[in-house]
Amino acid sequence: MMEIKPFEVTIGELCEGYDDKNELGVRGYGGRLDIRPPYQREFIYSEKEQEAVIRTVLQRYPLNVMYWVKRGDDAECPYEVMDGQQRTLSICRYVDNLFSVDYLKFRNQQPDIKERILEYPLTVYVCEGEPSEKLAWFKTINIAGKPLNDQEINNAVYAGPFVSDAKRHFSKKNCGAHRLAHDFINGTPIRQDYLKKALEWMADHETRLGHKQTVVGYMDDHRSDPNANNLWTYFQNVINWATTNFSPKQFRSIMKGVDWALYYDLYGSTTLDTAALARRISALMRDSEIQRPVGIIPYVLTGDERHLDLRAFPDDVKLAVWERQGHVCPLCHREFDFEMMEGDHITPWREGGRTVEENCQMLCRECNRRKGAR
């Protein structure tokens, strides 16, 4: 059973020997505290959030309780941070003179203020238990007002060499994935959006190859891999194909949100007429009938108009046409209530038809479905 015991440490003791070696780890408490164990997220506090932590200390208000895990008695680093990493790093970074509060770094504070900071007591609970208990507790406790998202939890559950190497490529502020794909992917690396997208693409890729896969299934299958080279290589191939065929400089506004891996798998071995595609995309981007611009590239590749969410006839136009038609469907010549009929383009959009009253006819649902299927 997990044992949880109270423990008190001062900021001065916490910051003793603070050392941030990025991927190699972050240590504090005289080298006895692993501040960023493998399951922990990246440092995500903004400048204002870091300053808020220090102002809390300066005003002698209590900080939320933190949780450490005690490792085995023979562990080279006997403690690790379970909850409170963001606050711990904010404190250590300030004492290490890495940012200012009210224009003052720690070294510029008056001696009595420095002493007040270093003697500030932190309330810590030290937990002892099995690894599974540790992870279960990690997923349920409050994470300083910033709950873990699904990918951060997955990183904790499947921690190992694969996740550690994947985070090097996908989870740092200026990581390779962000430099390569910032025009193609929504979100930020430090909240794991790039890693999540890469894993989703890889899982879908394996499914298309006949091996049904999910993100957590892929992470479980590869958690002991010595690196994430296959994931990183596939991601680069997808983005390089997208960049080569669809210029980010020209089409940046419609690129984020496209399932680039799907279209790479479908068309990656095909020589596309990029000049013709560019001309068509440019024309479609000026078309006011298209309500979903992010669907333009999928449309020019597949021809499926559903990607575009084409503008529909407003109710006032449909009602006027229904009245003019005498409530009768012009194809089957039967009378219908307004709610049983749908607005249809007489001349289809793909043939130049616009969503205006003169191009509208009201068809019964059955006739509209039959016409749309032709």
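User: Which residue does the side chain of Glu-152 make a polar contact with?
Analyst: That's Arg-191: in this predicted model, a polar contact of 3.1 Å joins the two side chains.

User: And where is Glu-152 found?
Analyst: Look in helix α6, which covers residues 150–157.

User: Is Glu-152 buried or exposed?
Analyst: Buried. Its relative accessibility is 2%, and the cut-off for buried is under 20%.

User: OK, switching to the sheet. What order do the strands come in?
Analyst: The order is β1-β7-β5-β6-β4-β3-β2. That's an open sheet of seven strands, and the pairing is mixed.

User: Which strands stand at the edges?
Analyst: β1 (3–10) and β2 (19–20). Each has a single partner strand, so one side of each has no neighbour in the sheet.

User: What about β5 and β6, in what sense do they pair?
Analyst: Antiparallel, over four bridges. Strand β5 is residues 66–70 and strand β6 is residues 79–83. If you want a spot to look at, find Lys-70, which stands opposite Tyr-79 in β6.

User: New topic: helices. At what angle do α9 and α10 pack?
Analyst: About 90 degrees, with the axes 8 Å apart. That makes α9 roughly perpendicular to α10. For your viewer, α9 is residues 193–208 and α10 is residues 215–222.

User: Which residues meet there?
Analyst: From α9 you have Leu-199, Glu-200, Met-202, Ala-203 and Glu-206. On the α10 side they meet Val-215, Tyr-218, Met-219 and His-222.

User: How many of those are nonpolar, polar or charged?
Analyst: The contact of α9 with α10 has six nonpolar residues, one polar and two charged.

Methods
Residues numbered from 1 in each chain as written. Predicted model: local features only at pLDDT ≥ 70, side-chain atom pairs only at ≥ 80, totals over all residues. Heavy atoms only, no water. Helix = DSSP H or I, 4+ residues; strand = E, 2+ residues; numbered from the N terminus. Buried < 20%, exposed > 50% of the residue type's maximum accessible area, 1.4 Å probe, protein only. Polar contact = N/O pair within 3.5 Å; in protein donor to acceptor, adjacent residues only side chain to side chain. Pairing = 2+ DSSP bridges. Axes fitted to C-alpha atoms, helices over the stretch in contact; angles between N-to-C directions. Parallel < 35°, antiparallel > 145°, perpendicular 65-115°, else oblique. Contact = heavy atoms within 4.5 Å. Nonpolar A, V, L, I, M, F, W, Y, C, P; charged D, E, K, R; others polar.
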